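Please consider the sequence and the structure shown here together. The paragraphs that follow lead through a few of the helices and their surroundings.

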Amino acid sequence: MNVCVDACFMLALYDKKDGHHEVATELFQQLFDSASHQLVVPWPILYETVSTRMTRRRESMEFLERDLTHLRRQNRLLMLFDRKMREQALGECFDELKRRGSSYRALSLVDRVMRLMLLNPKHRLHALITFNRDDFEDVCVSRKIRLIDSSDG
């Protein structure tokens with residue numbers, strides 16, 4: 001199973017003070033320690049996760065490196081590039097801003113790129129781990145991607 005992750009999951013996984021840390025740790029262990037699932041990490045998620053704040057927490061960075069290296073060695077890590085989707089996502093931000101009516105969705109550029117990645121059938125994604133279900137539920141339902149959140153831990 002190709003399991004894509006959102007930044008909120010990654011941040012919780014590597015920050016012991018995060019309210020979802022224990023659930024994120026349990027989900028990661030269930031899906032990637034003993035099972036043979038592939039971790040799919042979109043580059044925008046890494047940009048958001050490996051922030052200035054995180055880089056100041058040496059232990060968090062060491063755990064992230066350990067996990068990514070371990071999965072990479074097992075050929076169970078896939079990094080998704082955002083190049084073809086970032087311009088479209090930025091355009092959507094501005095288009096919706098102009099409409100600003102009842103259909104306006106205040107989504108970050110990262111979330112918009114993620115939604116486009118989820119919608120792309122070439123990515124063959126089977127699941128998404130996020131703690132922001134409302135941001136992705138519609139695209140996951142339309143593509144039949146299993147949505148895993150804090151209630152699954």
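Which residue just after α8 takes a positive phi? That residue is Lys144, with a phi of about 60 degrees. The model is a predicted one, in which local features need pLDDT of at least 70, side-chain atom pairs count only at pLDDT 80 or more, and totals for chains, interfaces and linings use all residues. Residues are numbered from 1 along each chain as its sequence is written, and side-chain values use heavy atoms, with hydrogens and water left out. Helices (H or I, at least four residues) and strands (E, at least two) are DSSP runs, numbered from the N terminus.

Within α8, the buried residues (under 20% relative accessible area, with exposed meaning over 50% and partly exposed in between, for a 1.4 Å probe and protein chains only) are Asp135, Phe136, Val139 and Cys140. They fall within an arc of 105 degrees when seen down the axis of α8, so they line one face of the helix; the arc is that of the directions from the helix axis to the C-beta atoms. The face turned away from this buried side carries the exposed residues Asp134 and Val141. Among the elements that cover the buried residues of α8 are α7, β4 (127-129) and β5 (146-148).

Helix α7 (residues 109-119) packs with α8 (residues 133-143) at an angle of about 10 degrees, and their axes are 9 Å apart. Axes here are lines fitted to C-alpha atoms, for helices over the stretch in contact, and angles run from 0 to 180 degrees between N-to-C directions. The two helices, α7 and α8, are therefore roughly parallel to each other, a term that applies to angles under 35 degrees. Contact means heavy atoms within 4.5 Å; on the α7 side it involves Asp111, Met114, Arg115, Leu118 and Leu119.

Ile45 lies in helix α3 (residues 43-49) and is buried, with a relative accessible area of 0%.

Helix α5 (residues 58-73) has buried residues as well: Ser60, Leu64, Asp67, Leu68 and Leu71. They cover an arc of only 90 degrees around the axis, which puts them on the same side of α5. Those residues pack against α1 (7-13), α2 (21-33), β2 (38-42), α4 (52-55) and β3 (77-80). Arg58, Glu65 and Arg73 are exposed on the face turned away from the buried side of α5. Just after α5, Asn75 takes a positive phi of about 55 degrees.

How values were computed
Parallel < 35°, antiparallel > 145°, perpendicular 65-115°, else oblique.
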